[in-house]
Amino acid sequence: MTGRAMDSLPASAVGSAAEAEADEEEADPLATGSPTLPVIEWGDQDPRSMQMPQGNPLLLPYTLQELLARDSVQVELIPEKKGLFLKHVEYEVSSQRFKTSVCRRYNDFVVFHEMLLHRFPYRMVPALPPKRMLGADREFIEGRRRALKRFINLVARHPPFSEDVTLKLFLSFSGPDVQNRLREAAQGVGDEFLNCKLATRAKDFLPADIQTQFAMSRELIRNLYNSFYKLRDRAERIASRAIDNAADLLIFGKELSALGSDMTPLPSWATLHLSTWASLKQAMKGLSVEFAVLADKAAQQGRQEENDVVEKLNLFLDLLQAYKDLCERHEKGVLHKHQRALHKYGLMKRQMMSAAVQNCEPESVEQLESRIVEQENVIQTMELRNYFSLYCLHQETQLVHVYLPLTSHILGAFVNSQIQGHKEMSKVWNDLKPKLSCLFAGPHNALTPPRSPAEDSLCSH
């Protein structure tokens, strides 16, 4: 593959690209530090004005903060189920950017996903959670809601997707037939290759070693995915243990309360006329409140780690999986079609040479010539699409690296959750300890509160 190195692009190529973009579109507000994007009206978008950053159009000038500021979309379950025979789940999808709130079904997400792949076949389109054919339990529905929320937020923050009319349709259209509207909007304008003014010149902006870079990036993303998958698995287990710990503490407190509430009479000869058991029961019943508080603190920590750690890891994994899927689409899609077109072209050339040798009729030779010209056009288009696919892959690789600082957010959330959770639970345990004195008899009795190892050490000195 030929092409000039990315770092040594001629000024004329970069300048002409910037001038071509400046003629028909405004600068991206995120590139100038603006935290929000302007709302695009239905008739405002020219399908041939795909936005590109100024300067070298291959480079993405965004930071993670700028991407996150593009939109924040909430996906919540709607409690009411509709349908006469088959019940289905609906979601309330609310966009901060568009100030909208619409109802969507899972099938609406499916059609939107299909239209994104149709419009942007060379970009990272995150996968949707699978559709469950049989009855879905509460855990499955909640897991799918979380996955849909991650999907729509990754899409809403993706630079090309965020400016596409299909996104605003999905987040804003409140009519009864959103699926047909999505299909009409996507199919009416074609894919990104047909609408991007730089598509036919993508080769000019690619580095000469693009194939080597592509292979290295793919290997790196594969390693990242494997490591983050294990991190997510451990984080899930840690959060699950916190929630299990909460359930155990709650049951522990309830058993103490049950002991304290036991009304079974005891014979006087068993108690030796002492009120020890009655005092113990009263003390244990009171301690159940503290254990309920401990259980609540542990449950809060588990839920916080699910939301702030596990979900962010899942978001990053969804992005990495989308990159892996894109690499496969490149190899099995446009690259494979290009190779097939070249093979077909070679067969037709050989047929034409054979026909010329055998002195076939002029009509047959003309038909072969016409087919060869047509195939040459197909090959040229496939070659241009192949370069444009690599161009998009180069940008999508940069986008993955823009999201890499999310790792620090995840680790920070995990550490803060552990610190805050242990701090709050430690306070409850410390407040509970003085109340243990109620469990022990007076000064003339043999029972004394147990000492901690630190207290034993002080006494020995």
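# Cysteines, rings and a surface patch

Biologist: How many disulfides does a search of the whole structure find?

Modeller: In this predicted model, the search of the whole structure finds 0 disulfides.

Biologist: Is C196 buried or exposed?

Modeller: C196 counts as buried, because its relative accessibility is 6%. C392 is buried as well, with a relative accessible area of 0%.

Biologist: Let us turn to the aromatic residues. How many aromatic pairs are there?

Modeller: The count comes to 13 aromatic pairs. One of them is F388 with Y391: the ring centres are 5.8 Å apart and the planes stand at 15°, so this pair is stacked.

Biologist: Why does that angle make F388 and Y391 stacked?

Modeller: Planes under 30 degrees apart count as stacked, and the 15° between the planes of F388 and Y391 therefore qualifies.

Biologist: Which relative accessible area does F388 have?

Modeller: The value for F388 is 0%, so the residue is buried. Y391 is likewise buried, at 0%.

Biologist: Which residues do ring pairs link into a cluster?

Modeller: The cluster consists of Y91, F109, F112, F151 and F170, linked by ring pairs.

Biologist: Now for charges over rings. What lies over the face of F120?

Modeller: R119 does, at 5.1 Å from the ring centre of F120. There is also K324, which lies over the face of Y225 at 4.0 Å from the ring centre.

Biologist: A last topic, the surface. Which residues form a nonpolar patch?

Modeller: L259, L266 and W277 form a nonpolar patch on the surface, and together they have about 270 Å² of accessible area.

Biologist: Where is L259 placed?

Modeller: L259 is in helix α10, which spans residues 210-260.

Biologist: Why does L259 count as partly exposed?

Modeller: Its relative accessibility is 39%, and partly exposed describes values between the 20% limit for buried and the 50% limit for exposed. L259 is therefore classed as partly exposed.

How values were computed:
Residues are numbered from 1 along each chain as its sequence is written. This is a predicted model: local features need pLDDT of at least 70, side-chain atom pairs count only at pLDDT 80 or more; totals for chains, interfaces and linings use all residues. Side-chain values use heavy atoms; hydrogens and water are left out. Patches are made of residues with over 30% relative accessible area and no salt bridge: like charges are joined within 9 Å, nonpolar side chains (Val, Leu, Ile, Met, Phe, Trp, Tyr) within 5 Å. Accessible areas come from the Shrake-Rupley method with a 1.4 Å probe; for residues, only the protein chains shown count as cover. A salt bridge is a side-chain nitrogen of Lys or Arg within 4 Å of a carboxyl oxygen of Asp or Glu. Helices (H or I, at least four residues) and strands (E, at least two) are DSSP runs, numbered from the N terminus. Buried means under 20% relative accessible area, exposed over 50%, partly exposed in between (1.4 Å probe, protein chains only). Rings of Phe, Tyr and Trp (its six-membered ring) pair if their centres lie within 6.5 Å; planes under 30 degrees apart count as stacked, over 60 as edge-to-face and the rest as tilted. A charge sits over a ring if NZ of Lys or CZ of Arg is within 6 Å of the ring centre and within 35 degrees of the ring normal. A disulfide is a pair of cysteine sulfur atoms within 2.5 Å.
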